[in-house]
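Biologist: Can you walk me through this one? I'd like to go residue by residue and then get to the ligand.

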Amino acid sequence: MKLVKHIANLGYGSRKDVQWMFREGRITNAAGEVLYADDPLDHDDVRIDGDALDPPPGLLLMLHKPVNTTCSTKDRGRVVFDLLPPRYRLRSPALSTVGRLDRDTSGLLLLTDDGQLLHRIIAPKSRLPKVYLATLAGDLRGDEAAAFASGTLMLEGEQTPLLPAELEVLGPRSARLTLHEGRYHQVRRMFAALGNHVDALHRERVGGLTLGALPAGEWRMLGDADRAQLFAS
Ligand code: URA
């Protein structure tokens, strides 16, 4: 791939914009020598205004999604992409959320530009556990764990029963729920099916990955060790 296209694909501007950056001598190698648009691509050696390039395609990152942000790119309100560097929204291949969390759900959200990886994480057969902390409007009845574990619970409007899920009761109105699939509004609908209502929802784990000490609204790039941990669950 041509250097100019690579840089444009990283979100630094249109190809025309990037051509201008070359003409202005803003794009150099690490030694400070001016580069030209059709020079061979050596990602790690390129500098723009002296700064290294953003990482090449193949990104996987985790975001601690706060409440009141949506995973959609089109929403008019606050979207999760607002929490990332602005250039990341313009990258090609595009960075997408791995599944979605509702506006009112906080917690661990993965984003990647690697379609195969995304598919591997969300494919039903991967059955990666997703762990949620739910705070409920009403007291637990006591039969929820058995109902969720049964493999026969049916959500309204659906044709296939839910896979067995594990519920750990933490208090009269709080529980940890581990799912092995990801249906639309699944946690909220599961509790609604048993006559309760989820007041607050937080995802604390996907596969073997947790947020650790990452504060709400912050993100971090994931490396090979994190990827291994993701699938080691
Ligand atoms: N289940 C839900 O109901 N909402 C989420 O955001 C995630 C899982």
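Biologist: Let's start with Thr 178: buried or exposed?

Modeller: Keep in mind that this is a predicted model. In it, Thr 178 has a relative accessible area of 13%. Buried means under 20%, so Thr 178 counts as buried.

Biologist: Which strand does Thr 178 lie in?

Modeller: Thr 178 is part of strand E9, which covers residues 174-179.

Biologist: And which residues is Thr 178 in contact with, if we leave aside neighbours within four places in sequence?

Modeller: Thr 178 is in contact with Pro 129, Lys 130 and Val 131, and also with Ala 165 and Glu 166.

Biologist: OK, what about Lys 125: buried or exposed?

Modeller: Lys 125 has 80% relative accessibility. The cut-off for exposed is over 50%, so Lys 125 is exposed.

Biologist: Where is Lys 125 found?

Modeller: Lys 125 is in the loop between helix H3 (115-122) and strand E7 (130-136). Its C-alpha atom is 9.2 Å from the C-alpha atom of His 180, although Lys 125 and His 180 are 55 residues apart along the chain.

Biologist: Now the ligand. Which residues surround the ligand?

Modeller: Around the ligand you'll find Leu 101, Asp 102, Thr 105, Tyr 132, His 185, Gln 186, Val 187, Arg 188 and Leu 201. Helix H5 (residues 186-193) gives the largest share of that shell, with three residues.

Biologist: Which backbone atoms lie 3.0 Å from the ligand?

Modeller: A backbone N or O atom of Val 187 is 3.0 Å from a ligand nitrogen. For Arg 188, a backbone N or O atom is 3.0 Å from a ligand oxygen. Gln 186 also has a backbone N or O atom 3.4 Å from a nitrogen of the ligand.

Biologist: How much of the ligand does the protein bury?

Modeller: The protein buries 96% of the 230 Å² that the ligand exposes when taken alone. The space the ligand takes up is the largest pocket.

Biologist: What does the side chain of Asp 113 reach?

Modeller: The Asp 113 side chain reaches the backbone nitrogen of Gly 58 at 2.9 Å and the backbone nitrogen of Leu 59 at 2.8 Å. Leaving aside neighbours within four places in sequence, the contacts of Asp 113 also include Pro 57, Arg 91 and Pro 93.

Biologist: Last one, Leu 211. Buried or exposed?

Modeller: Leu 211 is buried, because its relative accessibility is 8%. Its place is in the loop between strand E11 (209-210) and strand E12 (219-221).

Biologist: What does Leu 211 touch, not counting residues up to four places away in sequence?

Modeller: Leu 211 touches Met 62, Leu 63, His 64, Gly 107, Leu 108, His 202, Arg 203 and Glu 204. Take Met 62: along the chain, Leu 211 and Met 62 are 149 residues apart, while their C-alpha atoms are separated by 7.8 Å.

How values were computed: Residues are numbered from 1 along each chain as its sequence is written. This is a predicted model: local features need pLDDT of at least 70, side-chain atom pairs count only at pLDDT 80 or more; totals for chains, interfaces and linings use all residues. Side-chain values use heavy atoms; hydrogens and water are left out. Helices (H or I, at least four residues) and strands (E, at least two) are DSSP runs, numbered from the N terminus. Buried means under 20% relative accessible area, exposed over 50%, partly exposed in between (1.4 Å probe, protein chains only). Contact means heavy atoms within 4.5 Å. A residue is near a molecule or strand if one of its heavy atoms lies within 4 Å of it. A polar contact is a pair of N or O atoms within 3.5 Å; within protein, one must be able to donate a hydrogen and the other to accept it, and residues adjacent in sequence count only if both atoms are side-chain atoms. Accessible areas come from the Shrake-Rupley method with a 1.4 Å probe; for residues, only the protein chains shown count as cover. On a 1 Å grid over the protein atoms alone, a cavity is a set of points where a 1.4 Å probe fits but cannot get out, and a pocket is an open set with protein on both sides within 12 Å along at least five of seven lines; lining residues have an atom within 4 Å of a point. A molecule sits in a cavity or pocket if more than half of its atoms lie within 2 Å of its grid points.
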